[in-house]
There are 2 protein chains.
Amino acid sequence: MLEPFSDEYFMKQALNEAQKAFDMGEIPVGAVVVCQNRIVARSHNLTETLNDVTAHAEMQAITAAANMLGGKYLIDCTLYVTLEPCLMCAGALGWSQIGRVVYGADDEKKGFQKNAEKALHPKTTLLGGIMEAECSTLVKDFFSSKR
Amino acid sequence: MLEPFSDEYFMKQALNEAQKAFDMGEIPVGAVVVCQNRIVARSHNLTETLNDVTAHAEMQAITAAANMLGGKYLIDCTLYVTLEPCLMCAGALGWSQIGRVVYGADDEKKGFQKNAEKALHPKTTLLGGIMEAECSTLVKDFFSSKR
């Protein structure tokens with residue numbers, strides 16, 4: 001059993017979201033936003049369903065969390081996302097001044113760290129590699145099934 | 001009179017959008033998306049109104065244009081925006097594979113070119129400085145009025 005409120009615990013929730021994306025034929029990325037051990041937003045990639053390149057899991061999670069909390073800054077929140085954020089999402093996370101970002105698998109091609117290391121707010125802490133195997137397997141399985 | 005369908009003509013439309021943002025107390029940035037000389041989306045910054053850091057003019061314009069055109073790629077479109085896009089918006093424009101981006105004033109601090117020059121799609125052409133004076137004056141007037 002996963003220890004409640006651990007990084008793995010919340011990443012598992014993000015993975016559940018990614019699985020929903022997978023089941024819809026979307027590239028399987030999921031995210032949750034956590035504030036004081038409470039999940040305040042859950043989302044998964046919807047770019048195909050919504051015909052909208054901006055509908056990444058993280059973007060929806062930021063919007064939903066701000067709505068839920070009633071303010072646009074997420075200073076006391078942590079975003080858990082199964083894949084390293086892209087430039088767009090990292091830029092959005094930067095504007096949100098989110099306290100912490102935890103991701104699962106690296107994204108060698110589109111991850112923000114290769115292209116704009118300083119995209120996040122200087123006070124945001126970043127941790128990668130949580131449940132990396134599960135997160136990357138889901139993406140690999142998705143692309144294998146499309147071939 | 002502005003020559004119809006020139007870059008200045010469409011930038012003036014983006015400036016009209018920026019003025020709407022100004023009048024609402026939003027940082028005055030406006031955008032239009034043009035496809036075959038037709039404006040398919042108009043938008044302005046709504047981050048304060050919507051309490052949402054992702055509600056930049058460009059993000060809304062991308063979503064609205066994709067909705068209007070029925071597809072998420074904007075290969076045959078041009079985005080006109082009064083201020084150089086930030087990292088988030090440039091990342092989104094990259095995903096959209098938009099054909100051309102035309103902006104007014106440079107954004108020395110938050111513009112994408114300083115932080116991630118390669119954010120746009122390799123096939124996207126970029127032009128800055130169209131109606132630069134009008135675009136930057138509006139932003140300067142906004143911040144002066146807030147002091």
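User: Which residues does B:D7 touch, not counting residues up to four places away in sequence?

Analyst: Please keep in mind that this is a predicted model. A list of contacts shows which residues come together in the fold although they are apart in sequence. B:D7 touches B:Y80, B:R100, B:V102, B:L127 and B:I130. With B:R100 there is also a polar contact of 2.7 Å between the side chains.

User: In which helix is B:D7 placed, and is the residue buried or exposed?

Analyst: B:D7 belongs to helix α1 of chain B, which covers residues 7–23. Burial is judged by relative accessible area, and buried means under 20%. B:D7 has a value of 17%, and therefore counts as buried.

User: How does one read strand pairing, for example between β3(A) and β4(A)?

Analyst: One looks for the bridges and for the direction of the strands. In chain A, strand β3 (residues 77–83) and β4(A) run parallel and are joined by five bridges. Within this pair, A:L79 stands opposite A:V101. Together with helix α4 (residues 87–96), the two strands make a right-handed β-α-β unit.

User: To which other strand do three bridges join β4(A)?

Analyst: That strand is β5 (residues 125–127) of chain A, and the two run parallel. Here A:V102 has A:L127 as its bridge partner.

User: How many residues of strand β4 of chain A are buried?

Analyst: Five of the six residues in β4 (residues 100–105) are buried, so the strand is mostly covered.

Methods: Residues are numbered from 1 along each chain as its sequence is written. Chains are lettered from A and ligands numbered from 1 in the order in which they are written. This is a predicted model: local features need pLDDT of at least 70, side-chain atom pairs count only at pLDDT 80 or more; totals for chains, interfaces and linings use all residues. Side-chain values use heavy atoms; hydrogens and water are left out. Helices (H or I, at least four residues) and strands (E, at least two) are DSSP runs, numbered from the N terminus. Buried means under 20% relative accessible area, exposed over 50%, partly exposed in between (1.4 Å probe, protein chains only). A polar contact is a pair of N or O atoms within 3.5 Å; within protein, one must be able to donate a hydrogen and the other to accept it, and residues adjacent in sequence count only if both atoms are side-chain atoms. Contact means heavy atoms within 4.5 Å. Two strands pair if DSSP finds at least two bridges between them. A crossover is right-handed if, with the strands pointing away from the viewer, the path from the first strand over the helix to the second runs clockwise.
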